[in-house]
Amino acid sequence: MRRRRRLFGALLVAVALVIMTLPVSEADAATSASDFVMEGSTLVKYQGTDTKVSVPDTVEVIGGNAFEDNMAVEQIVLPDSVKQIEPHAFRGCDNLASVTLGAGMTEVGDYAFANCRGLKQMVLPANIALIGTQAFADCVNMTDITIPAETALIDETAFDGCAKLVIHSEAGTAADVFAGDFYERQKEMAEYEDVSGYQSSQENDIVIPEPAVTPEPTTSEPSAEELLGSTSIVGNNAFVFMNPGNMTVREPALNQGQDSVGGSGSLSSIGSLAEAIGNIVSVGQVEKLPKYTIVDGRIVADQAFYKGELPEEVALPEGIEEIGQFSFARSNLSGISIPEGVTNIGYGAFYHCDGLSRVELPGSVMNVEPRAFEYTAWLKNFRESGEDFLITGGVLVAYAGSDAVVSVPGGVRVIAAEAFAGHEEMESVRLPDSLLVIGEAAFENCTGLRQVHLGEGVQQIKDRAFRGCTRLEVLKLPASVEEAGLLAFGEAEVIYGGKEPVRTFETSATRLSNEENRGLGTESTGTGVTVSGSGPSGARLEGAARSYTLTVELLDESQEMTAAWERLSDRELPEELTVYRLQLCDSSQVPLTKLGRCGLTVILPVPESLLGQELGLVTMDRNGQLEQLGVERVMMEGTECFRFRTTQLFQLGLYGTGSASKDAELREVSVNFGSMSAPLSGDGAAFRLAKYMTGAAVLLTGFAMFLSAGFGRRGRQRGAAGKAQSV
């Protein structure tokens, strides 16, 4: 009897250990039926909160939107029974890092894994025949995918926005052909992070479905003299070109911040107000505020005439100082006259103006950013001309020579960004004393360059000017150098002719995705965003692969925000306007202003003057014009807060729009964004609780039986020994 009790106790202990170590994912898959909403063999919706999910082997189809925007799941295992993933199935699963596909898969549906920013690698099984439209679009951290030889159809947009991606495939297969074209299309992604709704215009010539046709820009012409204006679809915005001859102008409304472009044969109403069409952004329906194509008569706004139908010859008006990023990109321009006074030509300003053959730069230009004239007839004709240097207005825009020893002509003041980049044959370069500025990445990856003779007048050497010049060991700077950008000298030893120059950085370094331009490697000490500010607050950056710091500063006054409000003809500056400056930095300490398609969600306390009010929120774009943001009132740690999402970081303005309903109950959120999803519930939670309680009970019972059997025997032995001793 005692032996049986001991054996039974030991058996209970073993059973308890088995129960308590049962894998959660397998248990949930087996027992938590309510986590998987099924219709026949189709998984319609997964409503669990596990980080690791094993789909049951009864599932044959992962339904559309089944896991969409699930922020908890990190690992997915699909059984061989799954044959198809329908559109949007895993879209927006930001923390999904690992996907195992079963051997039964035949296709990856449209948008199936789009916006899975945590996904880095994937191997597709051999039976995959089709990869659908934008199946992996905006998986911005994806570095490797293996596509089998059996895959015959790959949509051109399948990997849109995957700038880091390397495609592994067998030579001669459809995937191999696609990979070659994909790498070429990556060069066409210049606008991808900047232009809303951007789609590549590259035509497809391999075995993939025809892409959707993007409507050409159209212009409605006025049919009567009494019309006040006309509209033009430029990119994805509707621009309203007003006819000042047929309207009464109220000062300072429509004339404020706008100029006309005059001159014979030139555009006559560029400076008009640009009316943007409203859309849904973040929280609720957000109004699109009107913008000017020319801001304050000084700046041609970013994307102002992107894909625009314009007069072929344009002469910009006097007073313009800056031509913004992608301002004329992909338009039909054939010639542009840029007036004296323009100092900066922005990134991609005339990118893919395929017909642009005539450009005149003034002597005031001091900076030409990367890709400003890339894919223009002007550059193409130069490269076919046999000339070595393309110089206008004292700016060396491009170099097409092949000499080992190069002397830049006298009179050149500025070397444009990337002008000599990649010329591996160049061993020595001599720069003239007239040179003032060496542009961004001007000599990047000139791997044969050994000697650089800088002129005596150079004042600025911009970011990455000599990065990748692996044979350049020593660089002697003249005393005239005042500023030096990030990674400007590569690995070269620098000898200063005067005091050490001030460190600077260019706007390209402020883009979140340009980590290499800030000198960051692949190593990271952690992930997430730490908020530096007063009161309960939190922030979450989509797809964050390293640590960031968000600094929140309240401004007593802001001339920039006031000026932005005053440009709006129908709005007054709110009485209770709280202005914030937000600065997001990684370990480089460069302020990140453009986040591309990686949104930053922020929670901050509502200022005392706005408590109990409905809220409005605006931000400024790079040109200082207002944009409306969605905003939501929430509760955090018992404090009334506001939450919003943004993809750019300049100044923010928070204001009240009226008293909130007293009956409205604000949702409680957590500082830890990872726990903002619903708490553990349902059969999954019940199983965990039951598992540990049952295991503990069985374990205690087993120990009790085992020990009691032992104690009983030893007690009887001690009793018998006592009796023998008394005898």
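**Strands and labels**

Analyst: Start with a pairing in this predicted model. Strands S47 (residues 631–636) and S48 run antiparallel and are joined by six bridges.

User: What makes S47 and S48 count as paired strands?

Analyst: Pairing takes at least two bridges. Six bridges join S47 to S48, therefore they pair. Within that pairing, Glu632 stands opposite Arg643 of S48. The hairpin of the two strands has two residues between them, and Glu637 there takes a positive phi near 50 degrees.

User: Which strand besides that one is joined to S48, and how do they run?

Analyst: Strand S44 (residues 600–605) is joined to S48 by six bridges, and they run antiparallel. At least two bridges are required, so S44 and S48 pair. One of the partners is Arg645 in S48, bridged to Thr601.

User: What makes S48 mostly covered?

Analyst: S48 spans residues 639–646, and six of its eight residues are buried.

User: Why is Cys641 called buried?

Analyst: The cut-off for buried is under 20% relative accessible area. Cys641 has 0% relative accessibility, so Cys641 is buried.

User: And why does Cys585 count as buried?

Analyst: Cys585 has 5% relative accessibility, which is under 20%, so the label holds.

User: Where is Thr578, and why is Thr578 called buried?

Analyst: Thr578 lies in strand S43 (residues 577–585). Thr578 has 12% relative accessibility, under the 20% limit, so Thr578 is buried.

User: Which residues does Thr578 touch, leaving out those up to four places away in sequence?

Analyst: Thr578 touches Leu554, Pro607, Leu610, Leu652, Gly653 and Leu654. Each of these counts because a contact needs heavy atoms within 4.5 Å.

User: Where is Arg567, and why is Arg567 called buried?

Analyst: Arg567 sits in the loop between helix H5 (559–566) and S43. At 10% relative accessibility, Arg567 falls under 20%, so buried is the label.

User: What makes the pair of Arg567 and Asp296 a polar contact?

Analyst: The two side chains make this contact at 2.6 Å.

User: Which residues have the most contacts inside the largest nonpolar core?

Analyst: That core has 48 residues, and those with the most contacts inside it are Ile62, Phe67, Phe90, Phe113, Phe136 and Phe159. Strand S2 (42–46) and helix H3 (174–186) each supply at least two residues of this core. H3 gives the largest share, four residues.

User: What is Phe67 in contact with, neighbours within four places aside?

Analyst: Phe67 is in contact with Leu43, Tyr46, Val53, Val55, Ile62, Ile76, Ala89, Phe90 and Cys93. A second, separate core has 38 residues, including Ala301, Phe382, Val414 and Ala416.

User: What are the totals for helices, strands and buried residues in the chain?

Analyst: The chain has six helices and 50 strands. Of its 727 residues, 48% are buried.

User: What share of contacts joins residues at least 24 apart?

Analyst: The share is 46%, taken among contacts between residues at least 6 apart in sequence.

Conventions. Residues numbered from 1 in each chain as written. Predicted model: local features only at pLDDT ≥ 70, side-chain atom pairs only at ≥ 80, totals over all residues. Heavy atoms only, no water. Buried < 20%, exposed > 50% of the residue type's maximum accessible area, 1.4 Å probe, protein only. Core = buried A, V, L, I, M, F, W, Y, C linked by side-chain atoms within 4.5 Å. Polar contact = N/O pair within 3.5 Å; in protein donor to acceptor, adjacent residues only side chain to side chain.
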